[in-house]
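I'd like to talk about salt bridges today, so let me put the structure up.

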Amino acid sequence: MTDAPAAFSHWEVQPRSIRLSAGEFEQRVPLSLRGDVDAPVFASSNPEVAEIGPDGVIRCGWTIGNAVLMVWRSSARDSLRHVLVEVRDPSWFADHPDFASGATVFLSGMVVNALNTSGVGNALIEFRRSETGPAAYQTFANAYGGFELSVPEGFYYVEVTAPGYIAWHGWVNADPNTSGDIQIVLSPELDGQVARIVLQWGLNPRDLDSHLTGPTPSGGRFHVFYSHTIENEAAELDVDDTSSYGPETITIHRLIPGVYRYAVHDYTNRNANPSTGLAQSGASVKVFLSDGREQTFTVPNAPGTVWTVFEIDGATGTVTAVNAMSYQSQPANVGM
C-alpha cells in the first residue's frame, strides 16, 4: 500500500511529522484523523522510540531515534498514511540554527583543588545542553586553573576533568545579567580514604562552616570542625574558608559502626533567630565515596542557622539524606 487515496473519499491524518526532545518522562501526542475514516488501525515501525495505541495517541520521548507510524483508514487496511516521529537529544535543538536565540555570554572561572584551593592546570571544561548530550563548547584551564569561554545564554550541564581528580558535574546558568567568576572544585581521587565532602556557596553569608560528628572506638563521639580539625585517623578538615564561596572540605579516613552526621553552620548569622541567610546562600554539598558513588545536596529554602545535610551508616556506608534546618548559636553543639 502507498499513501495514495485509492477509491475512497478524501481522508487525512495530522500531524504528518513530529520532532521532539528526549526527556525523562513520556510525552503524548494525539493524532487527528479527518474525512472518510472507519475503524482505523495503527502500527509503529519502531515501538522503542514511538508507540501508538488503538486510541491514536503517540507515546514517545524517552528513547532517541526515528519511527514511522502506519495509519490505515479501516480494519480492511485498504488505504494507508504515514507519520514520521523523530526523538532528538536536547542538544540538537539547542545547537540548531533554527532554534538559536539569545545573547552571547562571556564566562570566566577557576578550577581549584578541594584539598588546598590551588589551581588545577590544564583541566578540560565541557559544556553540554543535556546530561547525556555531546559537548557543545569546550576549553582548557590554563596552567593556574583559570579559564574563559563565550557561549550562547542558557543552562549548560558542565563536566570538568583532570588526571588524578574525580570528574566534576553540575549545571551552570550562562546569564548575561550574572556577574562573577565560576569556581569549579575538583576532589583528588580517593586513595585509601572512605569519603570526601565538599561545601560551596555564594557571596553571602561570608562564613559557613562544615561539621562532621561520628563515633569513636571508646563509645563517645568526635566532632571535626574549625576548632578541632583532625580526629585521630578518623577524619580531618582540609580547608576552612571564612570569606565566601568556599570550598570547605572534610575527608573521612575510616568508618566504624555508628552514625556519622554532616552539617553546615551559618557562623556569620549564628546568633540570629529568625534567619534566612543560610537558605539564601546557594550552598551545595557534594559527597564522594570510595566505591565511586557521588551525591549532591542543595540547601533547603527554609529558615535556620544549621543545615543537617546527611548521615552515613558506619557499618554499611549507606548515605541517608536529612536536609533539615534548625537553629544553634554554639558551634561546638552543631551535629552533636
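Let's start with E86 and R19, which form a salt bridge, with their closest N and O atoms 3.2 Å apart. Keep in mind that this is a predicted model. What I like here is that the pair links distant parts of the chain: E86 belongs to strand β9, residues 80-88, while R19 belongs to strand β2, residues 17-21, and the two residues are 67 apart.

So, buried or exposed, what is E86? E86 counts as buried, because its relative accessibility is 12% and the cut-off for buried is under 20%.

Okay, next pair. R28 and E26 form a salt bridge too, and there the closest N and O atoms are 2.7 Å apart. R28 counts as exposed, at 55% relative accessibility, and E26 is partly exposed, at 40%.

Last one: R254 meets E233 in a salt bridge, 3.9 Å from N to O. Where do these two sit? R254 is in the loop between β22 (248-252) and β23 (259-266), and E233 is in the loop between β20 (230-231) and β21 (235-239), so this pair ties together parts 21 residues apart in sequence. As for accessibility, R254 is partly exposed at 30%, and E233 is exposed at 59%.

And how many salt bridges turn up if you search the whole structure? The search finds 12. That's me done, thanks!

Definitions and conventions
Residues numbered from 1 in each chain as written. Predicted model: local features only at pLDDT ≥ 70, side-chain atom pairs only at ≥ 80, totals over all residues. Heavy atoms only, no water. Salt bridge = Lys/Arg side-chain N within 4 Å of Asp/Glu carboxyl O. Helix = DSSP H or I, 4+ residues; strand = E, 2+ residues; numbered from the N terminus. Buried < 20%, exposed > 50% of the residue type's maximum accessible area, 1.4 Å probe, protein only.
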